[in-house]
Amino acid sequence: MSRDFIRLLPTFMVFLPMLGSLLLLVTPKRWRDEVAGLLCALTLGIGFMIWRAGGSDLLSVPWVPALGITYSTELSGVSLALAMVTAFMSFIAVLYAARRIPNPGTMLALILAMETGLLGIFAARDLVLFYVFFEDALLPALLMLAIYGKAGRMRALVKFAAYTLFGSLLMLVSIIGIKYLGGSPTFALADLRANVVPAGPTQTWLYVAFLTAMAVKLPLWPLHAWLPDFHEQNHDSGIPDVMGTLYKVGGYGVFIFGITLFPDASLELRPVLMGLAAFTALYAAWIAFHQTDWKRLLAYAGLSHMGFVALGVFSLNETAVIGAMYLLAFQNLYTGALFLAVGMLQERTGSIEVRVGGVMTQAGALGGLTLALWLASIAVPGMAGFIGEFSILLGAYQVYPWLAFVAGITTIAAAAYALTAFQHTFWQARPTGGIPVGDLVHTEWLILILPLAVAIFFGVYSAPALNLMQPAVKAVLAALGGN
Amino acid sequence: MLQTPTGTDLYSLGALFPILAVLLGALTSTLLGFWVSRRVLTYLNIGWLLISGVWMMTLWDQGRQAFTRAVTLPDGQPLLTASLQADNPALLLGLVIIVGSLMTMLVSLDTAWRARISFPEFDAMLMYAITGGLLMAFSGDLIVMLIGLEIMSLSGYVLATLQDSRRAEESGLKYFLLGAVGSAILIYGIAFVYGATGSLNYAEISLRVGSVSGLLPQNTGILVGGALLVLAGFAFKIALVPFHQWTPDVYSGAPTSISLFLSTVVKVAVFAGMLRVFSGALADAPGWASVLQVLTAATLIIGNTAALLQANFKRMLAYSAVAHTGFLAMALLGTPATGGAALTYYLLIYTLMTAAALAIVAALQRSEEGMSISDLRGLYYRHPGYAVALAICLASLAGLPPFAGFFGKYLAFQAAFQNGYVWLSVLAAITSVAALVYYLRPGMLMFMPDRTPAREYAHGQRPPTTIAVALGVAGVTILGLLPNLWYGWLGNPDIWRLLAGR
Amino acid sequence: MLLVALGIAVLAVIVSAILGPKKRGSRTKLMAYESGNDPEHGGVGTGQRFPVHFYLVAMLFIVFDIETAFFYPLAVAYQKLVPFAFFEALTFVLLLLVGYVYVLKKKVLEWA
Amino acid sequence: MVPTTSYVALSGVLFALGMIGVLTRRTAIMVFLSVELMLNAANLALVAFARAWNDPTGQTAVFIVMTLAAAEVAIGLAIIVAIFRKRETTNVDDLAGMKG
Amino acid sequence: MPDWLAALLITLLKAVLLTLALLTTFAYMTLVERRLLARMQLRPGPNRVGPMGLLQPAADAIKSIFKEDVNVTLADKLVYTLAPIIAIGMALSAFGGLPGGPADSLFGEDPWVYNLNTGVLALLALTSMGVYGIFLGGWASGSKYPILGGLRSSAQMISYELGMGLSILGLLMLVGSTSFQAIVGWQAQNGWLIVFQSLGFALFLISSFAETNRTPFDLPEAEQEIVAGYLTEYSAIKWALFQMAEYVNMITASAVMATLFFGGWKGPQFLNGLIPGISDWPIIWLVVKIAGFLFLFIWVRATLPRLRYDQLMRFGWKLLLPLALANTMVTAAFLAFRGQGGLWFLAVLSLAGLVALLIMSDRVRPLWNTPTIRREDDTATALVRRPAGGD
């Protein structure tokens, strides 16, 4: 395969799911599952092709020449890793949707549409393009919530959209400012990096505006409030939640655009941001401890993870940033899989309450796999999460030891809330008159095992992923002029 | 002073043809209405509009002018002024007007009968109003602009009152009284601008305003006053806060197909006039920009918050039109080069999405009062096509990519930002969040399953409306993915530097 | 001239008022004349209705009068502007004619 | 020669009167008359400025404005008459069927 | 005494004199009219007061001044009083702009009170103000018949105002000025305008009758239909003022027609051969021509019956207006394309138009003479025979 062809692959990878989504509109009902699954698999396959080639080069063509907006894509390094995880988890989601949702055409189309948005976010190397995909992913998420959500979804919808839009519109202003004040000819990342806004209050303010969007999507306290409602009101199967988890791209945005475009501001704001991040991690863990609803619990757990990611990214330390990206990529696996596991649990018990009790005795496989996933989630060594969290703490310690210490407490808290909840649901005595619970069947095995396997694989053998990420992170941090 | 026009001038009437074609349509429908059915009239008028549109395209880049007059400036320089100019901005804005008008006509084919406005006068008045709108876009001096504005407004008053109902009459009277006040203020402002500069022609005004020697110091005060009065007059017409009170009543009181027209074509035309006056003739005049930014900010805040509180979908769209006025006015605050392009881009998009949304309302509503937002629940399961189209329109109105509304907003933000109104763009960004919320609620309600019986008109889905909706939705989507299709025409800053014809 | 004319008129009224007999008339004498019947809800501005036709005439008059007003300057300057002015006048009259025909067909000019 | 400022001042006063009328009067007819007053104020200003600049354009503009005023009268009265015949009132405060 | 004061005083003096002259003429017009009508109807007319009734006007004047002035209870007092004043004021002032002779010919002064270069316009403006007097009078009486009369009158007057204004457009195009002096001067050079604008004159004449509320257009005061129209509640001097206004308007209309179409104050040129300069003598020629037209007014009153209201309106809108426009456009076309051709062709055209109209009158009459009745039921086109005496 020539480099030129590989250069085009990210475009295929991004738009293939969208194509599939449109294709589903005309596909006969009985073939929809297969078509969606096939396209997802294909997308993943393209991802592998790119990976095999060691990442794609930058493709840049003008989009709106008069405005300096380009269509620039590149999948390599961190973005490739994230894109592949996204494609993988989308595949898993499609698998479960085909099984769980009756007449799943709409849901499948939405999953695929959203996958396009998410992959686009990672592939974009133009700020406006990034923005477009960033917003683009929002619509299917909203629709999933609207169509499949629960009674209180309108509130959740409004909250979710308002937070996202609030941030992203400020980001839009910031985008305009970056180009105009920096004097860059286009919005392409390379051009912008060559024409960075001079250090000073202007750069700081632009960074703050940009960060607002990323903080909503990270999410970072105090802009996280949409998250629990979003997950709680979504469909019980957990499929939209998987996609929602994948949508937590704030850390990536800060990494790829924020640090390089606002080098001075990110240094200047580092203490504040790291403080916020550490607080978010701890705070979320604390709240999670009190949840009686699996989804809210998982939401806060995810938030806690994201606090870690933010801590890593904002620290501007190489180790920590690599760890953050690692965590960002792989927490999707187990958090997403956990949401699906909750979905399966709900299918059986009819509730997502934590205090169901006694499931383990009847559905051993479900309980076992869930426990394994939980262990991955609380960063037990040998799982992918461990490498991420450990690197973050290590890196952050070099910058602000105290904050690293605060964040470190979180891991303990995580173990506490995860195991407590698990114990309530799976081990505790079953209430009398409870519904009999069946064990995993058919594809459900796959759906839980595949992510777990990947998480374990990269927890044990991290080299492939690290080799992908390390150069990219180094390059970005080098633009900063060292630590 | 009087000069006999020459032969070349007659030849240059070719520049006028797009307007004349529409006027001809208006005149023929005035008379033909006695002999043929209204449907035939509408088809004919659509034909006229298409001819006009095509003719406009052939005039591209020719810079034709009509009714020219050679003036010798005080310093001996000759200057050719024109009362009508078919320059590129005029053509672009004219095309936007044509698009909006076409959509109105298509919608009226289906709904005019139900709305009890199926008179031939409806078509005639519509065409007159379009003529006026085109005149404004093509205007080369304040008087032509004024004439266009008045032709359009007067026809608009009639349109708003055409339906024989208390609501329509109320809306018509409000529209009329406030419109008349706006016109009066505008005319007074024009008198002052004339007093300060001694000319009504854009080119001459901009020349006198631009050169320091051209304006006596005591005239500066008059000029500022005049410009502000003109601004206030325009503000009435486009419904900038605090001159917006009539808008929701009129838009929701008039039959929906007329609201569609009033909120798109009329607004486009008035903005075209404003673009000519403020970015052209008075571009260098002091004062107006600082007032406009305050008005814009107020419009953004009030329009968006008020729209949040509406329970009726049509009325909500009316308030959203007010809010969009704010975004459009932001574009006006940019430099002529960026602002003009941004405004024109946004206007087309705004027309497409608002017209398509209102077309759906017009088709599905049970009565002309529009439908309440809660009536939309579950629309997706009853009219999937319209529901998806409406959702796309709403997403575009909210400024979500990949729909064109995003680029409109982006351009408006950029225009204001680059001309130093950073705070305004930030404010606009924040108020957009409110906008998102009120667009989101109906947009999402449509997709929520619903078991109660349908509350919309069952036979609303008809071919012409569908064509109009499809036009709007396709436009919004395609221009969102490939903005250059439209922006490529208007992106060249040079064409906007000559707004005053100089 | 206007002053003088008005002055004389006012004078006449005043002189008459001074010289004329001053009697309070009876109620019947001062009543509005309605062919001997008691006037029904008479008085100024008490919601008497006129046929809408009169309004229409008034509006038509306004339109056509304005047209006249436009024609006067054209007429005065006409000979300096021919033949262009002829076409202008023709266009103008044709436009007017459209309105006129419309009004005719609408039967506004029918009194029955 | 009366100086231009006097004319303009007079027109300003007329305009202000009209504006006050618009803001305070409650019957449609009176509002409408006030608007006409404003238009005439504009005409006066136009004529005064035209004389000051010794330029006929201003006077032409007056013609146009007169026309516009007439057209407004025609349409405005039609609307007012239509409403009056239906509701027996032209008080704008009574026209508040739509609120919010 | 500064010059401006002298000029002002002289102007004032002229104004007063002219007013008195007009009022005297009015007074004797009434007598002349009554006598003439009587003659035409083979009866004596007023002949008791003074020799041949010559003091009758004086008696009338004294009567109207000393008569009781009834103010109806329901009337709006101020407007009620103001209306006749407006009517007569406008009527009187309109005349002042008409020139009676060449400049400086009246004892070294100009034989006019004021002279505007927009004379025609000013005159039309002032005469049309007269409608306010009538309408306000009718409205302020607070009674039904006056209101009806006022309405009719205003509708009639504004309708014919159009015909009047449009019918002289051709004339103005020919002359290229709206100043009376210029019009008179043009006619002195090229011949009377009646020759070139015969159609225009005919239209103007008819409109003048309507504008002055004279028979056959005297519907606003038609006794048989609406008692006395707007005059119903008026008495004494106010009534007299209205009458005055009507007659003064008549005089003015005559003067205008004389000035516009019949050479104005200029006498026939050939008389100059007998007495040099006689054609430039001020006042005299104008008075002679006015007298001629006044006779016409009376003659017509004695001859023609009154129109029905619907006929009147239809006539004005359906015949007068389009014809006036046509006249204008024919003149315009002639002026635009005449090349080197003489004016005689226009005269022929115009005359041909008039003649054609007269010949075709039977064809044209249905335009305004047969009402189409709209009914609730569907017999919309059915013609209804009406009694000949009016509604």
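Colleague: How many residues of chain C are in contact with chain B?

Modeller: This is a predicted model, in which local features need pLDDT of at least 70 and side-chain atom pairs count only at pLDDT 80 or more, while totals for chains, interfaces and linings use all residues. Residues are numbered from 1 along each chain as its sequence is written, chains are lettered from A and ligands numbered from 1 in the order in which they are written, and side-chain values use heavy atoms, with hydrogens and water left out. Contact means heavy atoms within 4.5 Å. On the chain B side eleven residues take part, and on the chain C side the number is ten.

Colleague: Which residues of chain C lose the most area to chain B?

Modeller: Buried area is the accessible area (1.4 Å probe) that two parts lose on being put together, summed over both. Chain C and chain B bury about 1,100 Å² between them, with 84% of it on carbon and sulfur atoms. Together making up 47% of what the chain C side buries, the residues that lose the most are Phe84(C), Val98(C) and Tyr102(C).

Colleague: Which element gives the most to the side of chain C that touches chain B?

Modeller: Helices (H or I, at least four residues) and strands (E, at least two) are DSSP runs, numbered from the N terminus. Chain C has three helices and zero strands. At least two residues of this side come from each of α2 (52–81) and α3 (84–105) of chain C. With six residues, the element that gives the most is α3(C).

Colleague: By class, how many residues on that side of chain C are charged?

Modeller: Ala, Val, Leu, Ile, Met, Phe, Trp, Tyr, Cys and Pro count as nonpolar, Asp, Glu, Lys and Arg as charged, and the others, Gly among them, as polar. The side of chain C that touches chain B has seven nonpolar residues and no polar ones, and its charged residues number three.

Colleague: How many salt bridges does the rule find across the interface of chain C and chain B?

Modeller: A salt bridge is a side-chain nitrogen of Lys or Arg within 4 Å of a carboxyl oxygen of Asp or Glu. Over all chains, the structure holds eight salt bridges. Across the interface of chain C and chain B, the count is zero.

Colleague: Which residues are linked with Lys174(B) in a network of salt bridges?

Modeller: Lys174(B) forms a salt bridge with Glu170(B), with 3.3 Å between the closest N and O atoms, and another with Asp249(B), at 2.8 Å. The second pair links distant parts of the chain, helix α7 and helix α10 of chain B, 75 residues apart. The residues in the network with Lys174(B) are Glu170(B), Asp249(B) and Arg315(B).

Colleague: Is Asp249(B) buried or exposed?

Modeller: Buried means under 20% relative accessible area, exposed over 50%, partly exposed in between (1.4 Å probe, protein chains only). Helix α10 (residues 246–253) of chain B is mostly covered, with eight of its eight residues buried. Because its relative accessibility is 10%, Asp249(B) counts as buried.

Colleague: Which residue forms a salt bridge with Glu74(A)?

Modeller: Glu74(A) lies in the loop between β2 and α3 (77–100) of chain A, and its partner, 51 residues apart, lies in the loop between α4 (105–123) and α5 (127–136). The closest N and O atoms are 3.7 Å apart, and the residue is Arg125(A).

Colleague: Which residue in the turn between β1(A) and β2(A) has a positive phi?

Modeller: Two strands pair if DSSP finds at least two bridges between them. Five bridges join strand β1 (residues 59–64) of chain A to β2(A), and the strands run antiparallel. They form a hairpin with four residues between them, and the residue with a phi of about 75° is Gly68(A).

Colleague: In β2(B), which residue is the bridge partner of Thr72(B)?

Modeller: Strand β1 (residues 64–72) of chain B runs antiparallel to β2(B), and eight bridges join them. Seven of the nine residues of β2 (residues 78–86) of chain B are buried, so this strand is largely enclosed by the rest of the structure. The partner of Thr72(B) is Pro78(B).
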